[in-house]
Protein chains: 2
Amino acid sequence: IDILLNYIKKTYDEKSKVLDFHHPHQLLEGLEGFSLELCDQPEPLEQILVDCRDTLKYGVKTGHPRYFNQLSSGLDIVGLAGEWLSASANTNMFTYEIAPVFTVMEEILLKKMHEMVGWGDTEADGIFSPGGTISNLYSVLVARYKRFPEIKTKGMTALPHIALFVSEHSHYSIKKAAAVLGIGTDNVIAVKCDERGKMIPSDLEAKILKSKRQHTPLYVNATAGTTVYGAFDPLENIADICKKYGLWMHVDVMLFINISLTANSVTWNPHKLMGVPLQCSAFLVREKGLLQACNQMCAGYLFQPDKQYDTTYDTGDKTIQCGRHADVFKLWLMWKAKGTRGFEILINKSLELAEYLYKELNSRENFELVFDGEPELTNVCFWYIPPSLRSIPKGPEREKLLHQVAPKIKAQMIEEGTTMVSYQPHADKVNFFRMVFSNPATRKSDVDFLLEEIERLGKDL
Amino acid sequence: IDILLNYIKKTYDEKSKVLDFHHPHQLLEGLEGFSLELCDQPEPLEQILVDCRDTLKYGVKTGHPRYFNQLSSGLDIVGLAGEWLSASANTNMFTYEIAPVFTVMEEILLKKMHEMVGWGDTEADGIFSPGGTISNLYSVLVARYKRFPEIKTKGMTALPHIALFVSEHSHYSIKKAAAVLGIGTDNVIAVKCDERGKMIPSDLEAKILKSKRQHTPLYVNATAGTTVYGAFDPLENIADICKKYGLWMHVDVMLFINISLTANSVTWNPHKLMGVPLQCSAFLVREKGLLQACNQMCAGYLFQPDKQYDTTYDTGDKTIQCGRHADVFKLWLMWKAKGTRGFEILINKSLELAEYLYKELNSRENFELVFDGEPELTNVCFWYIPPSLRSIPKGPEREKLLHQVAPKIKAQMIEEGTTMVSYQPHADKVNFFRMVFSNPATRKSDVDFLLEEIERLGKDL
């Protein structure tokens, strides 16, 4: 426990390194006093403690104020306590019988989330799943079952060619779902986006009409806060189109406030902007009973209808899992400790930092924004232009060189362990930095530090 | 932390209650000083601590020596420390970049597991997944992709009608996978079992031949330790049949020792007999590269080929998830602390307790075994026959009454919170108790206690 508390203290300290980088082969071969190999015989307790310390030492401090690499960052101490308690309870969410409190908490959290997306008046449903990609998979699964209930017993060969629609900026999870569910990635149709990364409704409608020659349009995935640009698709327009053509509308949301949705289902990941420890993702569906009907297998060894309590609280038949980790408690405990208001404050702080970074980038001459306009979410995408590139006119040659800048800076950043930020190419754009804020430990000075660090590492490239 | 340590101490104490039962509506409405409702405003720290204490108070102590309800039981203190550390590190398994140590540990654990199932000489592959049902889903997914790689892009409508074969005693996860993957539960063909619950190879062969009229046989799921009876399917015979007809052979294993398999893939759940905290499940596949080819989507924002380290260590493209919880560390740490030998000792202890219970049941006149023969795994299935039933001749009337005995005893057991054991009907058998051992805290005296408790609660029924 002392090792953990010590680590947590270090994590919050901006003067400590974000990571102590080693290559995979170095870890595989073992570092001084730290071998990852497993033996037949037990190791002494002192060695186990050393192993724990070293595991943390060579890992990445995702709660460090200068860790910006992923949208899941920060280390909320109440959330962590919640996770420790869940681990101590070590139970399974499939029946009320063995997880009475957690099961009821899940019910209460889902209800609260229903209210917040604007479904307070309906009998909605939902489930916590092991991550946003699985939640998105649920959305396609349930949409398909609703339209073609025979899928469950007869399979896809009994169905027409169905088509799913996603924006070209949407997360790859829908393509993944199409591959897993036997729909096929060819049947996921990409809808064009505007310069800000928002789905273009007229293109959606055109693609739906065009697809009808060979496909049965089924489902549209919209995103309220895309992964790379942080863009909000025009939900109202998309909803109208879905209604017109009778398509299922799913929305993958990043922000939990002030959304009144006409969607059929929603993915909401508290382990992102709300700062809940990994994993914590919820799939919400407007129509009650659908999840159960779609996934129910009625295994006698788990779900006995002759139990003495109300077995409608057993959630196992709503899921595609059997055993399921208790991911609800940490969220519930954080909600108790912060209140809805506390989450709002947290997210507003991240939004302000994004705003601050945007303004800083605009005022510094060696940085260029990937797209114009103030950030809608906490994402800010930008290039660093080293002095050597400033004299080269815009064109393929400059692009080629610029493409190599971010990877080189990032590699050096990781070697030195000073900060971490992600980069990627996107559509026709060469490698750029993508900053995302969600870490409550981050301050403006850490943002300044990042820009100065990029400048320091990149100025001679 | 004091609350947690106190709870852990109580968990190991056989004199404490296994659970303090309340009905769902009671928890929903709130108990004295413990309301599950969420508010806009934060609650004070003292209330948060009370909430934590009450959450544990009204939960189920799955580590209690008299908790026998599920195969995942026990509370290993090293495993728990491992889970606490993983929670503190709060990272994501998708890239080596942000989970360097855990990623390499996963590699090492998989290699160790490959050796133990007899694949030490091949370049095998695998992934840790959120539970055995998802691991089994991977097996069908990969088997389908291997035979029909076009499934990924074109979907099931491009494929013939495929058929999966499972024993009638196998876990419902394969049917669930068939529903999710778009294969359809009708195309999961049940193979008959003998009295002990083992798949009958001649029936498997007959079913394969028969299915060929309408189906393309693809996959056989065998189980080494079924859920209810703990039966071992005849793996060698099944392997021969799979080879003869070119079918994928998957084995869902409970015991990790001395299995030399000719299978194509294996599900292995360390969170069961090995006592690792939930969730910890591994899917192993003999052919390297298949998982990656099947699930890869190459998302640019996560997987940059121009990173400075060897990116073949990034595991994200092998999974059906995106974010993935670090489930490996607790297993790795337990393995360090116990050695392979320690896990053997642990499992042998559970097997001995099953043996002990079997002998006790044989010697007590009010108990009847569901099937003859010594237990092969830690499962022991039995009826309690109350004195009032002993005079009734075997037949439908007695069966009907016997069916009600276990639920009544279990309900009372839960009300009093003295112990927990599961019951279920199975095929033509009416409700019986299913005992499973995996909890290292359990001793022979706890087994005696269970039998006496059943007798006490059931003698007047």
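Which loop of chain A holds A:Ala427? Select that residue and you land between strand S11 (420–426) and strand S12 (429–435) of chain A; helices (H or I, at least four residues) and strands (E, at least two) are DSSP runs, numbered from the N terminus.

Before moving on, a word about the model. It is predicted, so local features need pLDDT of at least 70 and side-chain atom pairs count only at pLDDT 80 or more, while totals for chains, interfaces and linings use all residues. Residues are numbered from 1 along each chain as its sequence is written, chains are lettered from A and ligands numbered from 1 in the order in which they are written, and side-chain values use heavy atoms, with hydrogens and water left out.

**Stop 1**

B:Ala427 sits in the loop between strand S11 (420–426) and strand S12 (429–435) of chain B and is exposed at 78% relative accessible area.

Next, select A:Leu278 and A:Gln279: the peptide bond from one to the other is cis, with omega near -10 degrees. A:Gln279 belongs to the loop between strand S7 (265–268) and strand S8 (281–285) of chain A. In chain B, a cis peptide bond joins B:Leu278 and B:Gln279, with omega about -10 degrees. Most residues other than glycine have a negative phi, and most peptide bonds are trans.

**Stop 2**

Select residues 132–147 of chain A. Helix H6 has 16 residues and reaches 23 Å from its first C-alpha to its last, close to the 22 Å expected at 1.5 Å a residue (the expected span is 1.5 Å times one less than the number of residues). Of the 16 residues of H6(A), 14 are buried, so this helix is largely enclosed by the rest of the structure.

Within H6 of chain A, click on A:Val140, which is buried with a relative accessible area of 0%. Show its contacts (heavy atoms within 4.5 Å): not counting residues up to four places away in sequence, A:Val140 touches A:Leu164, A:Ile174, A:Ala177, A:Leu181, A:Ile183 and A:Tyr219.

**Stop 3**

Go to residues 45–57 of chain A, helix H3. Buried here are A:Ile48, A:Asp51, A:Cys52, A:Asp54, A:Thr55 and A:Leu56. What covers them includes helix H1 (2–12) of chain A, along with helix H4 (77–89), helix H5 (100–116) and helix H12 (328–363) of chain B.

**Stop 4: a helix pair**

Finish with H9 (residues 201–211) and H10 (residues 235–245) of chain A, which pack at an angle of about 20 degrees with their axes 9 Å apart. Axes are lines fitted to C-alpha atoms, for helices over the stretch in contact, and angles run from 0 to 180 degrees between N-to-C directions. H9(A) and H10(A) are therefore roughly parallel to each other (angles under 35 degrees count as roughly parallel, over 145 as roughly antiparallel, 65 to 115 as roughly perpendicular and the rest as oblique). To see the contact, display A:Pro201, A:Leu204, A:Glu205, A:Ile208 and A:Leu209 of H9(A) with A:Asn237, A:Ile238, A:Ile241, A:Lys244 and A:Tyr245 of H10(A).

Conventions:
Buried means under 20% relative accessible area, exposed over 50%, partly exposed in between (1.4 Å probe, protein chains only).
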